[in-house]
Amino acid sequence: MIESCVLGVATDQDRAEFERMCVLHPEVAAAREVFELSLEKIAMQDSVDPPVEFKEKISTVLRPGQTEVNRISESFKRESKMRRLNWLKFAVAACLILLAGSLYWNISLYNKKNQLESSNQKLQNDINNYAAKMAEMENDAKALQNPNIKMAALQGTQHSPQSFATVYWDTTSTDVYLMINNLPRPASDKQYQLWALLDGKPIDLGVIELKQEKMIPMYRMKNAAHVQAFAITLEKKGGSDSPLGDMYVLGKL
Amino acid sequence: MLHERSEEAFNYLYDNYSGALYGVINQIVPERETANDVLQEVFINIWKKIDSYDSSKGRLFTWMHNIARNAAIDKIRSKYYQDNLKNQPIPDNVHNNLSSYIVKPVMDDIGLRKILTRLKEEYRTLIELSYFQGFTHEEIAKAMNIPLGTVKTRIRTALIQLRNMIQ
């Protein structure tokens, strides 16, 4: 019975019986041990070494604890890598948003800058205009301060009683300045012309290029050496060699 | 220590016992390749079942030896193995000369088999069939057409003789 059980050929029933016997009778257990040792001795004596690489092979297969740890650490690594990736994705997204925002800001600032530049330019132009006008006015004012200036008031004619103009004639330089105090706006194909009257004869002093934007409607006309009276007529655009149109104002010196 | 399934435990087991177990396996499974597979399975089994080893029931080697023997027998009975026509189970019909059904022992000069050669052929056959081939008493009784009780008694006698030879 001992041998059967130790060798593993006994039935389950017999083995159970035997185990009980071993517990109850220590001498049976002792006898069992003796046989076991003999068997072990034979097996050891006639052992066959497995292939050398086998130990490593089996060892790696058998590391359930190790593989468990590996599996867990792998999944941790994967998780932390994913977390890092997620953070990275988030960081990239945040950067893109900032970039987009910054681009938008840039564009709007650029546009603003352009706007400001053009309005600045416009202001500059306006200033230049005004400066020019001021200069012009200054010149005109200066001209008028000249003590050699003679003034002629040109009254409205029957044709246009409300009209009124003034001529400032520098007798030394013969410069003629015309101030339009009140003249009706002419039709687009007509223009006013100034005449100097000498001995009954009209002398062309130029066409008046009306400029609405002038601060003071003072116009420099052609020079006149000798004048007795001034008159303004309405001629066709570009003027005429002799006064053909209606006379609007007339004044003697 | 073994129950911890530590690296040292494995080393201890393998270094001390792998050769003995491999020897046992080779006596049942002659092909080296297959024997290697069995050895791997055996260690896996030992490793898995180490918690179930009860030292009060016997020595550690006895327990491991049993695992090895069972694994080897399972292997030679497996469909794969038998498909290779290396072995044939005892058929139900009677065949008086059983020795033709016994796998030609490759290593009958070592281990138990060597000792077996000193036994009477009748006893040697029984041990070969029950121990090395894993046939139950019933299967043997049926195949040899002798009563179960006779099989049991004869095996017991054979084993006692074996014990006397090795102790």
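Start in chain B and select helix 6 (residues 121-132) and helix 8 (residues 148-166), whose axes come within 9 Å and cross at roughly 100°. Axes are lines fitted to C-alpha atoms, for helices over the stretch in contact, and angles run from 0 to 180 degrees between N-to-C directions. Helices (H or I, at least four residues) and strands (E, at least two) are DSSP runs, numbered from the N terminus.

This is a predicted model, in which local features need pLDDT of at least 70 and side-chain atom pairs count only at pLDDT 80 or more, while totals for chains, interfaces and linings use all residues. Residues are numbered from 1 along each chain as its sequence is written, and chains are lettered from A and ligands numbered from 1 in the order in which they are written.

Now show the side chains at the crossing. Helix 6 of chain B brings Tyr123(B), Leu126(B), Ile127(B) and Ser130(B), and helix 8 of chain B brings residues including Arg154(B), Ile155(B) and Leu162(B). Contact requires C-beta atoms, placed from the backbone, within 7 Å. The residues of this contact divide into six nonpolar, three polar and one charged. Nonpolar covers Ala, Val, Leu, Ile, Met, Phe, Trp, Tyr, Cys and Pro; charged covers Asp, Glu, Lys and Arg; the others, Gly among them, are polar.

Select the whole of chain B next. Chain B has eight helices and zero strands.

Move to the boundary between the chains, where 30 residues of chain A are in contact with 36 residues of chain B. On the chain A side, the largest share, 10 residues, comes from helix 3 of chain A. By class, that side has 15 nonpolar, six polar and nine charged residues.

Finish with the strands of chain A. Strand 1 (residues 149-156) and strand 2 of chain A pair in the antiparallel sense over seven bridges; pairing needs at least two bridges found by DSSP. Across that pair, Lys150(A) has Trp169(A) as its bridge partner. Which residue stands opposite Tyr168(A) in strand 3 of chain A? Tyr177(A) does. Strands 2 and 3 of chain A form a hairpin with five residues between them, and Thr174(A) in the turn has a positive phi of about 65°.

Terms used. Two residues are in contact if their C-beta atoms, placed from the backbone, lie within 7 Å.
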